[in-house]
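Work through these exercises with the model open beside you. Try each task before you read its solution.

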Amino acid sequence: MFKYLEKLLGKPIRYYENLMASKKEHTEITALEIETVVNALKPHVLKAYALEKETMSFDSYPLADIYPIPQNKKEIAFLYTGTYLFENVAISLYIDLTKGFNDKKKYDYVVHKKENLPDSLKQELSNIEKIEQESLPIWEEVIHRFPDIHKAITTMEPNHPWTLYKKVKETFKPTTAPVLMGGYPQWRVNDVDFRKLKNLEFLMEYRVNEKEYSIYFFKDLTTQELLIMEQKA
């Protein structure tokens, strides 16, 4: 499944590589420029929810009788990061932190139907504190999703469009929480062809910050399959 998504998303073309290579921080961005772009983007802001609670203890693992926590070959239990609810389905995610980034067997997950979850777990998931966030895409996705806004930004700051957009995003107070549900995916590396994301619904990013990588969950709107992509900073 991972290879399928990697093939689906593809690599950036030379234009975007050159654009990112030319990024410069030292430029004077005016308050008027920032306000103009913020107002243009407001209709496209999506709600996202940050979860500060990253893990659940083994003692309180609510699905032990149904889905035992997976172990690696050394019989070391994976980290149970939690169960995350999305409308009528939930995802339980487990990570083996002893393995490196390129090891495709370092995580496991189970997709549950909401009605099959224990009532106690459904109640617990409903009570988890979620911090509402305003979500904007990264700069490269603006190029494809909102070409008129991209054109306006490059007209205002032809030499520093990325820097202007970065200043705009900062006004929306982006989160550093370990779990981000909904909104736009906040990619660690700008190597995604965003035109190929249109049939995928972004569900969640799980950030393994101490190892500088993220796991991104999508749902294919045609097949309803769960798709996963990883990126390392």
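## Exercise 1: Two hairpins

Strand 8 and strand 9 form a hairpin with five residues between them, and in that turn glutamine 224 has a positive phi of about 65°. Keep in mind that this is a predicted model.

**Task.** Describe how strand 8 pairs with strand 7 and with strand 9.

**Solution.** 
Step 1. Start with strand 9, residues 226–232. Seven bridges join strand 8 to strand 9, and the two run antiparallel.
Step 2. Find a facing pair. Serine 214 stands opposite glutamine 231 in strand 9.
Step 3. Turn to strand 7, residues 200–208. Eight bridges link strand 7 to strand 8, again antiparallel.
Step 4. Look at the turn between strand 7 and strand 8. These strands form a hairpin with four residues between them. Glutamate 212 in this turn has a positive phi of about 60°.
Step 5. Pick out partners. Leucine 200 has aspartate 220 in strand 8 as its bridge partner. Phenylalanine 202 stands opposite phenylalanine 218 in strand 8.
Step 6. Check the cover. Strand 8 spans residues 213–220, and seven of its eight residues are buried.

## Exercise 2: Place the strands in their sheets

**Task.** Give the strand order of the six-strand sheet and name its edges. Then do likewise for the three-strand sheet.

**Solution.** 
Step 1. The six-strand sheet is open, with the order 5-1-6-7-8-9 and antiparallel pairing.
Step 2. Strand 5 (131–135) and strand 9 have a single partner strand each, so one side of each has no neighbour in the sheet. These two are the edges.
Step 3. From one strand to the next, the twist averages 25°.
Step 4. The three-strand sheet is also open, and its order is 2-3-4 with antiparallel pairing.
Step 5. Strand 2 and strand 4 (107–113) are its edges; each has a single partner strand, so one side of each is left without a neighbour.
Step 6. Here the twist averages 15° from one strand to the next.
Step 7. Zoom in on one pair. Strand 2 and strand 3 are joined by seven bridges in the antiparallel sense. Phenylalanine 86 stands opposite valine 89 in strand 3.

## Exercise 3: The nonpolar cores

**Task.** Which residues have the most contacts inside the largest nonpolar core?

**Solution.** 
Step 1. In soluble globular proteins, nonpolar side chains tend to be buried together.
Step 2. The largest nonpolar core has 25 residues. Tyr84, Ile95, Met204 and Phe217 have the most contacts inside this core.
Step 3. Trace the elements. Among those that give two or more residues to the core are strand 2, strand 3 (89–95), helix 4 (119–127) and strand 6 (179–182).
Step 4. Follow methionine 204. Leaving aside neighbours within four places in sequence, its contacts include Tyr84, Phe86, Val179, Ile215 and Phe217.
Step 5. Find the second core. This separate core has 18 residues, including Ile143, Phe146, Val168 and Phe172.

## Exercise 4: A glutamate under cover

**Task.** Is glutamate 230 buried or exposed, and which side chain makes a polar contact with its side chain?

**Solution.** 
Step 1. Glutamate 230 lies in strand 9.
Step 2. Buried means under 20% relative accessible area. Glutamate 230 has 7%, so glutamate 230 is buried.
Step 3. The partner is lysine 106: the two side chains make a polar contact at 2.5 Å.

## Exercise 5: The whole chain

**Task.** How many helices and strands does the chain have, and what share of its residues is buried?

**Solution.** 
Step 1. The chain has seven helices and nine strands.
Step 2. Of its 233 residues, 45% are buried.
Step 3. The accessible surface comes to about 13,000 Å², and 50% of it belongs to carbon and sulfur atoms.

Conventions. Residues are numbered from 1 along each chain as its sequence is written. This is a predicted model: local features need pLDDT of at least 70, side-chain atom pairs count only at pLDDT 80 or more; totals for chains, interfaces and linings use all residues. Side-chain values use heavy atoms; hydrogens and water are left out. Buried means under 20% relative accessible area, exposed over 50%, partly exposed in between (1.4 Å probe, protein chains only). Two strands pair if DSSP finds at least two bridges between them. Axes are lines fitted to C-alpha atoms, for helices over the stretch in contact, and angles run from 0 to 180 degrees between N-to-C directions. A nonpolar core is a set of buried Ala, Val, Leu, Ile, Met, Phe, Trp, Tyr and Cys residues joined through side-chain atoms within 4.5 Å. Contact means heavy atoms within 4.5 Å. Accessible areas come from the Shrake-Rupley method with a 1.4 Å probe; for residues, only the protein chains shown count as cover. A polar contact is a pair of N or O atoms within 3.5 Å; within protein, one must be able to donate a hydrogen and the other to accept it, and residues adjacent in sequence count only if both atoms are side-chain atoms.
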